[in-house]
Every structure is written in structure tokens, then in C-alpha cells.
Amino acid sequence: MEKQFQTTLDTIYLLKEGEVSAKSPSNIALIKYWGKKKNQIPTNSSISYTLTNSFTETTLKFTPKQEDGFDVKVYLEGEFKESFAPKIITFFERITAYIPFLEQYSFEVHTSNSFPHSSGIASSASGMSAMALCLVEIEKQLGAKLSEDKALEKASFLARLGSGSACRSVYKGLVEWGGNNFIKGSSDLYGTKFPDEEIHDVFKTFHDTILLIHEGEKSVSSTVGHNLMNGHPYAERRFDEANENLQKLIPILKSGDVKAFGELVEHEALTLHAMMMMSNPAFILMKPNTVAALDKLWEFRRETGNQLYFTLDAGANVHLLYPAEDAEAIEIFIENELKQFCQSGKYIKDKVNF
Ligand code: DP6
């Protein structure tokens with residue numbers, strides 16, 4: 001039990017019905033979280049860029065009820081989704097020790113994503129982060145005393161219990177998660193904003209164009225993938241390397257060395273997918289067009305010297321990362337040469353959020 005995040009019923013007022021709203025962006029990891037221990041504790045530190053155009057907006061309505069247990073109804077883009085409730089109930093079970101009023105209310109969750117549901121872009125990070133922000137807002141409305149900083153820290157803490165990477169979506173910029181001895185204030189329990197003044201300006205101009213290589217559900221969920229790191233023959237080395245890579249990234253971020261940044265980030269992405277291929281049972285989330293796009297990208301970089309790099313999340317889609325200074329040439333290349341690898345010829349233009 002993490003006592004600092006507990007609120008007790010005797011410190012708040014109940015019986016007030018109402019609604020709160022929150023908007024939270026998605027994030028893309030540069031150093032990947034892959035592997036976790038009990039209670040959503042990560043096996044290594046990670047860091048991600050918070051995005052701008054890919055976000056979830058959630059309104060949470062609450063009305064008092066008498067019966068025991070949780071009562072939640074979820075509406076996605078206005079449509080009632082019976083199948084979404086169990087995920088929220090699981091989340092409530094994990095956080096009920098920290099949010100004491102969950103059994104006291106019936107909840108309606110009205111949520112929508114800026115990106116198409118079928119796009120293969122995970123909504124769990126932005127979705128759980130938005131839910132956590134809503135719950136902390138209710139807690140504040142019920143009279144809990146939380147400073148702005150503590151409210152965000154608690155939202156990140158709760159979001160983590162919903163989905164690990166969600167804890168990084170609570171803040172803008174670059175957000176680190178995982179306790180280590182080289183980033184001040186870092187914690188396994190919540191995300192921490194990486195200081196803007198430690199980041200060279202070039203990295204604040206980065207675009208993230210997402211090639212929608214494969215739309216729809218992925219074959220293996222992240223949660224299953226994380227669990228396959230238990231007993232994985234390369235697990236310990238991977239966890240150490242992720243922490244080493246994060247440590248290496250810090251001076252790179254400061255100096256503005258885009259080449260070193262891109263090479264490290266690509267290595268992380270390929271390592272993530274290599275871990276999947278070496279799991280037992282093995283799985284591959286890349287599609288032939290993922291590999292074809294990476295090949296084309298490497299050829300373009302070799303021939304033009306443009307600073308175009310990629311990362312991958314736990315799926316087939318490719319995140320193209322590049323600084324604004326090279327955006328014009330790169331975006332012509334994307335339209336002419338990479339778009340063909342997207343399932344419906346679609347990609348999403350996003351950028352980092354500072
Ligand atoms: C590959 O946060 O989706 O995107 O904690 O089980 O919900 P759960 O997993 P999730 O895993 C994200 C994995 C990743 C890497 C990352 O975002 O760091």
C-alpha cells in the first residue's frame with residue numbers, strides 16, 4: 001500500500017452528483033517499458049514523448065448509489081459499449097484503496113479518441129490517463145486537499161495501475177517512468193516530467209508521423225507481451241540495457257545530437273521486437289509492410305542525409321520521428337514512397353507536445 005496516495009472517506013464529503021472532464025494525449029516511448037513485476041511495477045525505466053494530435057477526451061458522470069460494488073457504464077463516441085466495462089472494473093479494483101468513493105457512485109464514462117478506433121493506435125495510455133485525471137478531479141471536488149503538483153502525481157500513479165505507459169501521458173514534453181539513481185525524482189510508482197531545460201531545442205520540434213501499416217486489433221496484447229518477459233532468456237540483459245540506454249540518452253538530449261538520438265531510438269524499437277521474437281511462445285507484431293517501410297526509410301536516409309528515424313510500439317505501425325528543420329523533404333518522401341505501405345493509404349501527422 002502506498003500511503004501517500006490514500007484518501008479516506010472521513011476527509012471528503014459524499015453525496016454530491018456531478019461530472020468532470022479531462023483530455024489526455026497518447027505518448028510514444030523512446031526507451032521502452034517491456035516487462036513488469038507485481039502491481040504494475042516496471043522492470044526498467046522508460047521515457048516517452050507526449051503527443052499533440054492523438055488524444056482521448058473523457059467525461060465522467062457520477063451519481064450516488066446505495067448498493068455495494070462497482071457500477072460503470074462506458075460509452076465510446078456516444079455508443080454504449082458493454083464490453084468495455086470489465087476493463088474499468090479491473091482498474092477500479094486496483095485503485096479502490098486510493099479512491100475511496102468508487103463504490104459510493106454509479107459512473108458513466110463518455111469517451112472519444114481523436115484517432116480512429118480501428119487505427120491500431122493504442123488508446124489505453126491516453127484513455128487511462130484521462131480516466132485517472134477525472135477521478136482526481138472528482139476527489140478534489142469532494143474536498144480532498146491536493147496541490148496541483150500532487151494532483152498530477154496522483155493521477156499518474158493511478159493511471160499506471162490502469163496501464164503502465166498511461167502514467168507518462170499525464171505530463172507534456174518528455175516523461176520518464178521508473179526509479180533509478182541517475183534521474184532525480186524518478187519513481188516506479190508514477191511518471192516524472194523530464195526537465196525541459198535539459199532538452200536541446202531541436203528535440204522540441206520533432207514530428208511523429210504514424211504510418212498505419214495494419215489497422216485493427218493486434219494479435220498479442222501488451223499485457224501478455226510483458227508477462228512473456230518473465231523467464232525470458234534475455235530478460236535481465238534487456239532490463240539492464242534499457243536503463244543504460246536511458247542513461248546514454250540524457251547527454252544526447254542536452255547536446256542536440258539528432259544522429260545519436262535516432263540510432264539509439266531505432267535500436268530500442270528493434271530490441272523490443274527482438275524480445276517478442278525470442279519469447280516463448282514467440283510472436284511477431286511487425287508485418288511485411290513494416291519491414292518494407294523501414295528498408296525504404298534507411299535507403300532514403302543514406303541517400304539524402306535527411307534526419308528521418310523511426311520507432312515502433314507494440315504493433316505493426318511505424319512512428320516516423322524527424323525534426324522540423326527537415327520536415328519538408330521528409331513529408332514529400334512519406335507521401336510519395338511510404339504511404340503505399342499503409343493499409344488504407346492513411347497516416348497520422350502528429351508532433352511532440354512541449
Ligand atoms: C511497447 O502500457 O500498454 O508501448 O501496463 O500492460 O497496460 P500495460 O502495458 P502498456 O505497454 C506499453 C508497451 C510499449 C512500450 C512503452 O510504451 O514504453
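Me: Where is Glu77 found?

Reply: Glu77 is in the loop between strand E5 (71-76) and strand E6 (79-80). Keep in mind as we go that this is a predicted model.

Me: Which other residue has a positive phi although it is not a glycine?

Reply: Gln40 is one, with a phi of about 60°. You'll find Gln40 in the loop between strand E2 (36-37) and strand E3 (41-42). Its relative accessibility is 6%, so Gln40 counts as buried.

Me: Let's step back. How many helices and strands does the chain have?

Reply: There are 8 helices and 13 strands.

Me: How much of the chain is buried, and what does its surface come to?

Reply: Of the 354 residues, 55% count as buried. The accessible surface comes to about 15,500 Å², and 50% of that belongs to carbon and sulfur atoms.

Me: What share of the contacts is between residues 24 or more positions apart?

Reply: Taking the contacts with a separation of 6 or more, 75% are between residues 24 or more positions apart.

Me: Now a strand. Which strand does E1 pair with, and in what sense?

Reply: E1 pairs with strand E4 (residues 46-64) in the antiparallel sense, over 12 bridges. To see one of those links, look at Ile28, whose bridge partner in E4 is Tyr49. Strand E1 itself (residues 18-31) is mostly covered, with 10 of its 14 residues buried.

Me: What sits over the ring of Phe55?

Reply: That's the charged end of Lys23, 4.1 Å from the ring's centre.

Me: How do I read a pair of aromatic rings?

Reply: You describe such a pair by the distance of the centres and the angle of the planes. A search of the whole structure finds 19 aromatic pairs here. One of them is Phe91 with Phe92, a tilted pair with 6.4 Å centre to centre and 40° between the planes.

Me: What would an edge-to-face pair look like?

Reply: Take Phe206 and Phe261. Their ring centres are 5.2 Å apart and their planes are at 65°, so the pair is edge-to-face. This pair links distant parts of the chain, 55 residues apart: Phe206 is in the loop between strand E9 (191-193) and strand E10 (207-211), while Phe261 is in helix H6 (residues 258-277). Phe206 counts as buried at 0% relative accessibility, and Phe261 does too at 1%.

Me: Which residues do ring pairs link into a cluster?

Reply: The cluster takes in Phe62, Phe70, Phe91, Phe92, Phe101, Tyr105 and Phe107.

Me: What can I look at in helix H4?

Reply: Start with His226, found in helix H4 (residues 222-227). His226 is buried, with a relative accessible area of 4%. Leaving aside neighbours within four places in sequence, His226 is in contact with Tyr33, Trp34, Gly35 and Lys36. Helix H4 also holds Thr223, which is partly exposed at a relative accessible area of 44%.

Me: How far is Thr223 from Phe182?

Reply: Their C-alpha atoms are separated by 28 Å, and the two residues are 41 residues apart along the chain.

Me: One last thing: which peptide bond is cis, with omega near 5°?

Reply: The one from Asn280 to Pro281. You'll find Pro281 in the loop between H6 and helix H7 (288-304).

Definitions and conventions:
Residues are numbered from 1 along each chain as its sequence is written. This is a predicted model: local features need pLDDT of at least 70, side-chain atom pairs count only at pLDDT 80 or more; totals for chains, interfaces and linings use all residues. Side-chain values use heavy atoms; hydrogens and water are left out. Buried means under 20% relative accessible area, exposed over 50%, partly exposed in between (1.4 Å probe, protein chains only). Helices (H or I, at least four residues) and strands (E, at least two) are DSSP runs, numbered from the N terminus. Two strands pair if DSSP finds at least two bridges between them. Rings of Phe, Tyr and Trp (its six-membered ring) pair if their centres lie within 6.5 Å; planes under 30 degrees apart count as stacked, over 60 as edge-to-face and the rest as tilted. A charge sits over a ring if NZ of Lys or CZ of Arg is within 6 Å of the ring centre and within 35 degrees of the ring normal. Contact means heavy atoms within 4.5 Å. Accessible areas come from the Shrake-Rupley method with a 1.4 Å probe; for residues, only the protein chains shown count as cover.
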